[in-house]
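Here is a friendly walk through one model, meant to be read with the viewer open. Please have the structure at hand as you go.

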Amino acid sequence: MAPTGKAGRYRGSVKEFPNFNASQDAEALYTAMKGFGSDKEAILDLITSRNNKQRIEISQAYKSLYGKDLIADLKRELTGKFERLIVGLMRPLAYFDAKEIKDALQGIGTDEKCLIEILASRTNQQIRNLVEAYRDAYERELEADVLGDTSGHFKKMLIVLLQGTREEDDVVSEDLVEQDAKDLLEAGDLKWGTDEAQFIYILGNRSKQHLRLVFDEYLKISGKPIEDSIRGELSGDIEKLMLAVVKCIRSTPEYFAERLYKAMKGLGTKDNTLIRIMVSRSEIDMLDIREVFRTKYEKSLHSMIKDDTSGEYKKALLKLCGGDDDAAGEFFPEAAQVAYRMWELSAVAKVELRGTVRPASDFNADGDGKVLRKAMKGLGTDEGAIIDVVTQRSNAQRQEILRTYKSHFGRDLMADLKSELSGSLAKLILGLMMTPAQFDAKQLKKAMEGVGTDENILIEILATRNNREIQAINEAYKAAYHKSLEDALSSDTSGHFKRILVSLALGNRDEGGEDLTRAHEDAKKLSDVSSGDSTSLETRFLSILCTRSYPHLRRVFQEFIKMTNHDVAHTIRKHMSGDVRDAFVAIVRSVKDKPAFFADKLYDSMKGIGTDERTLTRIMVSRSEIDLLNIRRVFKEMHEKSLHHMIEKDTSGDYCKALLAICGGDD
């Protein structure tokens with residue numbers, strides 16, 4: 001019987017082939033592999049359009065007709081990734097999972113990510129089938145092999161999951177929900193060290209319905225999502241496994257959508273992951289995965305596979321994908337519901353913004369001034385002493401140091417630092433010594449001076465600052481450059497882009513909450529793209545995106561998704577271009593998740609060859625006392641490496657040391 005999804009509907013992309021005849025298909029495959037060379041197109045067309053049950057019957061018919069093993073013949077005729085994909089499709093799911101786990105365990109090193117993905121996401125029945133298939137295929141016990149190849153709390157949690165005994169009762173006890181949430185809090189945040197056994201017991205055994213309510217209760221009593229506590233309390237493979245379990249409990253399709261995206265983004269493709277997910281989910285929830293993928297990443301899974309793979313391998317993957325959600329009329333109505341749930345979840349989780357740089361206790365401005373003077377006196381400069389003082393004081397404390405330094409030594413500390421330091425370190429330290437408004441004003445000025453304008457900097461700063469910050473920037477700009485920021489922007493930019501920047505630079509955004517009736521009207525205005533009048537469209541976006549409050553805009557975006565089945569950023573990218581498009585997308589991303597916006601910019605500044613030190617410095621300085629801890633968390637989640645690690649790998653010397661001090665820790 002075909003697996004079903006929500007309300008009993010089948011949510012796989014591969015369906016039972018009508019008028020199926022196993023013997024005819026076996027003959028067709030035999031013909032495709034006979035003689036010199038093989039007809040790969042015929043092989044992929046046939047195998048990807050039959051479901052797993054039908055493929056097993058084809059294998060049996062092939063054996064009866066020709067006395068040969070179909071999988072062995074396919075292995076001989078095909079090569080590389082295409083062969084791995086096709087052969088994977090020919091195995092029953094339990095045997096496919098067993099083979100993946102065997103490959104993950106054997107040889108030098110263990111593929112922990114594969115173990116995590118399979119064991120965190122499978123149902124009780126699928127786990128039990130997997131254990132049986134492993135025993136049948138390899139004449140070994142899976143539990144014994146996992147025990148021999150893993151260690152510590154990671155091993156313990158894997159063994160718990162391998163039992164396939166997660167509770168399945170949908171009747172939930174409110175008292176037990178409260179008790180489990182309390183026990184998790186006491187096992188982690190409220191305990192010196194972490195009681196991993198409590199996390200393993202609760203997350204490994206309770207039903208999905210129960211755990212979703214536990215996570216809600218945990219957020220209520222602790223003020224933060226369970227994921228934040230796991231990241232803070234656990235590390236290494238056990239942290240990754242627990243996060244995967246939580247993600248699968250919240251939404252298995254969302255977990256796989258994220259895994260697929262990470263398998264294809266950036267340089268190179270993680271083909272084993274891509275194949276494993278496309279094969280294993282094609283008859284379970286591929287339609288749900290596609291919906292989440294399209295909503296979360298603003299592009300279809302189909303288009304990403306198409307851009308990232310090639311040849312018969314690509315054709316076979318696209319057949320398993322089952323459709324392009326970017327094609328007209330293809331984007332599923334269910335995606336709006338998925339998006340709606342995502343927004344509701346983000347609205348519940350009021351995440352506290354936290355910086356990495358805090359006021360120093362026992363602060364002594366005069367003492368710090370003396371340390372800095374000593375570090376710069378005589379032959380040579382003690383950069384380490386300067387870094388230690390400047391990066392470990394809040395901005396308000398640095399301003400006090402500037403004043404006492406002047407009083408004590410009759411000298412300008414900024415001028416002294418400028419003469420003693422050089423290069424990227426000088427820009428970083430001097431940036432930290434300015435007030436946030438002075439620093440932003442200087443960045444804006446530099447973006448507009450000389451030949452050409454750096455529009456990205458103008459967009460980044462003006463699209464992400466609140467009214468109070470914008471007003472302070474205006475004052476700092478006028479004081480430093482004797483010209484209003486509005487005049488500078490007007491003379492240096494043009495058209496709709498100028499109008500957007502000037503509107504943002506006024507710092508007059510509404511500051512109230514959401515208005516549902518008005519949000520519906522605003523979403524309707526934004527969704528009306530049928531007129532083809534781009535001027536009118538850009539004016540409408542400007543009047544809403546540049547003036548409404550953040551809480552109101554979040555509701556507008558939610559209403560927009562309900563009306564159109566598209567994220568608002570997708571519509572902007574489709575109907576606009578150039579700086580106007582980039583500015584509006586930056587506003588949308590800032591409204592939806594500002595830490596994620598900055599995490600992406602930091603990643604882009606360091607990935608590939610060379611480092612964009614200007615962007616790296618600007619963001620590290622400007623966010624250090626606002627939300628750099630949040631940015632660090634999102635960075636690790638999105639890019640599977642810590643910000644600390646990437647800075648350490650991508651920069652050097654005193655500049656690296658100072659950046660790491662601001663970063664505030666390695667996640």
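A residue is called buried under 20% relative accessible area, exposed over 50% and partly exposed in between, using a 1.4 Å probe and protein chains only. Please keep in mind that this is a predicted model, in which local features need pLDDT of at least 70 and side-chain atom pairs count only at pLDDT 80 or more, while totals for chains, interfaces and linings use all residues. Residues are numbered from 1 along each chain as its sequence is written, and side-chain values use heavy atoms, with hydrogens and water left out.

Helices (H or I, at least four residues) and strands (E, at least two) are DSSP runs, numbered from the N terminus.

Arg9 is found in the segment before helix H1 (22–33) and, at 32% relative accessibility, is partly exposed. From Arg9 to Lys478 there are 469 residues in sequence and 62 Å in space, C-alpha to C-alpha.

**Inside the fold**

How many of the 10 residues of helix H7 (residues 112–121) are buried? Eight are, so the helix is largely enclosed by the rest of the structure. Among the buried residues of H7 are Cys114, Glu117 and Ser121. Their cover includes helix H6 (93–105), helix H8 (124–138), helix H10 (152–162), H15 and helix H16 (271–281).

Asp180, in helix H11 (residues 174–187), is also buried, with a relative accessible area of 2%. Contact means heavy atoms within 4.5 Å. Leaving aside neighbours within four places in sequence, Asp180 is in contact with Ile202, Arg206, His210 and Val214.

**A helix crossing**

The axes of helix H13 (residues 208–222) and helix H15 (residues 236–264) come within 10 Å and cross at roughly 110°. These axes are lines fitted to C-alpha atoms, for helices over the stretch in contact, and angles run from 0 to 180 degrees between N-to-C directions. H13 is therefore roughly perpendicular to H15; angles under 35 degrees count as roughly parallel, over 145 as roughly antiparallel, 65 to 115 as roughly perpendicular and the rest as oblique. On the H13 side the contact is made by Lys208, Leu211, Arg212 and Phe215, and on the H15 side by Val246, Cys248, Ile249, Arg250 and Thr252.

**Rings**

Rings of Phe, Tyr and Trp (its six-membered ring) pair if their centres lie within 6.5 Å, with planes under 30 degrees apart counted as stacked, over 60 as edge-to-face and the rest as tilted. The whole structure holds 13 aromatic pairs. One of them joins Phe541 and Phe584, a tilted pair at 5.8 Å centre to centre with 45° between the planes. Phe541 lies in helix H32 (residues 534–545) and Phe584 in helix H35 (residues 578–606), so the pair ties together parts that are 43 residues apart in sequence. Both Phe541 and Phe584 are buried. Elsewhere, Tyr30, Tyr62 and Tyr66 form one aromatic cluster.

A charge sits over a ring if NZ of Lys or CZ of Arg is within 6 Å of the ring centre and within 35 degrees of the ring normal. Lys102 lies over the face of Tyr138 at 5.4 Å from the ring centre, and Lys265 lies over the face of Tyr603 at 5.6 Å.
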